[in-house]
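Let's take a walk through this protein together. Have the sequence and the 3D view open as you read.

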Amino acid sequence: MLAATLTQWGGHGDLWIFGYASLIWRPDFDFEERRPAHVRGWHRALKMWSRVNRGTPEQPGLVFGLLTGGSCHGVVFRVHRQQAPAVLATLWEREMPTGVYDPRWLRCETPHGPVSALAFTLSRRSPNYTGALSPEQYRQIFAQACGRYGSTHDYAHQTYVSLQAHGIHDRALEQLLAHAPARLGR
């Protein structure tokens, strides 16, 4: 999938990457520019099982994915075309350790005009799509799930704080975090 994504990009201009969760607060790559961005037809959802980054096979955690429908505010990062192959390889190790996302090129509206950016989306047909989860399930996951990059709760909370810092209000995420056990803090 990485080779296909590189081919689709083409290498003729700089690479744009859409961040809607942890990429906003921890991109882990050098970029030339960052802009606020809005994507139509996709929304941020904490509905993807994580058995590596935010959970384990025994206690799966959750990570965000972009699901069809609605819209999503986030940021786009511009990576110089000479750095793009190395950045994509590093990003693939982080975001695609088990190949669960569907990488797509999405039109992102920015204050300086639209750009086509790589985004990591989630199919509802994926075995990693959670479907509907109850408040009790979220409470249990927030209390227990932890993987190589930390806990699901910390990930969701840090995403919420980062979105607020960028002037993005995510009511759905705010409501999910209300399900966190009191000892985790809010």
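## Strands and their pairing

Please keep in mind that this is a predicted model. Strand β3 spans residues 61-79, and it pairs with strand β1 (residues 15-19) in the antiparallel sense through five bridges. To find this pairing on screen, look for L15, which stands opposite V79 in β3.

Strand β2 (residues 33-50) also runs antiparallel to β3, and 15 bridges join the two. A handy landmark here is W49, which stands opposite L62 in β3.

## The nonpolar core

The largest nonpolar core holds 55 residues, and F18, Y20 and L46 are the members that touch the most others. Strand β3 gives this core its largest share, with 10 residues.

## A serine in helix α5

Is S162 buried or exposed? This serine sits in helix α5, which covers residues 152-165. S162 counts as buried because its relative accessible area is 6%, under the 20% cut-off. Leaving aside residues up to four places away in sequence, S162 touches I24 and W25.

## The largest pocket

The largest pocket has a volume of about 330 Å³. Its lining is made up of 24 residues, and N53, V63, R94, E95 and Y101 lie nearest the centre. By class, the lining has 14 nonpolar, five polar and five charged residues.

Which elements each supply at least two residues of this lining? They are α2 (22-25), β2, β3 and α3 (84-95). The largest share, three residues, comes from β2.

How values were computed. Residues numbered from 1 in each chain as written. Predicted model: local features only at pLDDT ≥ 70, side-chain atom pairs only at ≥ 80, totals over all residues. Heavy atoms only, no water. Core = buried A, V, L, I, M, F, W, Y, C linked by side-chain atoms within 4.5 Å. Buried < 20%, exposed > 50% of the residue type's maximum accessible area, 1.4 Å probe, protein only. Helix = DSSP H or I, 4+ residues; strand = E, 2+ residues; numbered from the N terminus. Pairing = 2+ DSSP bridges. Contact = heavy atoms within 4.5 Å. 1 Å grid on protein atoms, 1.4 Å probe; cavity = no way out; pocket = protein on both sides within 12 Å on 5 of 7 lines; lining within 4 Å. Points joined across faces, edges and corners; volume = space filled by probe spheres on them. Nonpolar A, V, L, I, M, F, W, Y, C, P; charged D, E, K, R; others polar.
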